[in-house]
Amino acid sequence: MTQSHNDFYAPGSDMLLLSSDDVKFCVHRCMLAAASPFFEHMFALPQPPDDPKNEERRPMIPVSEPGSTVHTLLCFIYPIPHPTISSLDELSIILGVAVKYDFLGVISSLRKQLISPAYLRDDPVRVFAIASRYDFEDEAQVASQHTLSINILDCPLSDDFRFITAHSYHRLLVLHKKRSKDAQALLKIPEDVKCLQCSGPYYGAFVPPKWWKEFERMARAELETRPTTDVIFNMPFFARAAEASGCARCASSILDSHQFLSDLKRQIDELPATI
């Protein structure tokens, strides 16, 4: 049974959209044409005569999307408050339809929502996949930086990856691999960083503190999969290195080395962080 959506049943409307689940939307041709070159070009073509069986006496265009999707899309097109997109699943669907029908303003709005802090925090790899699918280069770069804090080879594989090229995914892998390599190459300790108990000259050769050996080992393992400073420069990580050293004075040595560690963190942070 066909039903009309109450939010779009304006008396001044001059055409209908019919969703895949038989929901009718009374809309204005001028609104669709202004929002979409696709509809603008379609309306410029010769139109078929009115169907006498159409009780609405207005042209009807069937679309392949369900009513809920059409409604959300129209809320972005009309001058009313935009709806809240609550999940990447919903955003991906609406964005796909907006791209299909070339609704430029809707696409622009959704691109901003795609890189919202919540999505970048919770699923940056999927944000990258969605951005890459539609060639949103700026958004893909933003998302690529946020993927550095996770192991991209250990992430759930979403359907969005089915629609991106091998080249796009390869760019992300290269970013992680190169940044990991370059970050690990910076793990070098100067000879003035010492521990009063466990380091110093040994037959003329510099012996680094034991905490550094443990820190370097753990840091390399961490940077191998997550090439960022988020973990390796927090206090719990330093505490683990000090404990693993077995030296009673290494904790004090770490505190005394704060300037060296700050400089090291800055050097890693300054490495290229986007595709």
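A: **A helix pair up close**

Helix α7 passes helix α8 in a left-handed crossing, meaning that the near helix is turned anticlockwise from the far one by less than a right angle. Before going on, please note that this is a predicted model, in which local features need pLDDT of at least 70, side-chain atom pairs count only at pLDDT 80 or more, and totals for chains, interfaces and linings use all residues. Residues are numbered from 1 along each chain as its sequence is written, and side-chain values use heavy atoms, with hydrogens and water left out.

You can find α7 at residues 124-133 and α8 at residues 137-146; helices here are DSSP runs (H or I, at least four residues), numbered from the N terminus, as are strands (E, at least two). Two packed helices are described by the angle between their axes and the distance between the axes. For α7 and α8, the angle is about 160° and the axes are 8 Å apart. Those axes are lines fitted to C-alpha atoms over the stretch in contact, and angles run from 0 to 180 degrees between N-to-C directions. The two helices are therefore roughly antiparallel to each other, a term for angles over 145 degrees.

Now for the residues that touch, with contact meaning heavy atoms within 4.5 Å. From α7 come Pro124, Val127, Phe128, Ala131 and Ser132, and they meet Glu139, Ala140, Ala143, Ser144 and His146 of α8. This contact divides into six nonpolar residues, three polar and one charged. Here Ala, Val, Leu, Ile, Met, Phe, Trp, Tyr, Cys and Pro count as nonpolar, Asp, Glu, Lys and Arg as charged, and the others, Gly among them, as polar.

Notes: Angles under 35 degrees count as roughly parallel, over 145 as roughly antiparallel, 65 to 115 as roughly perpendicular and the rest as oblique.
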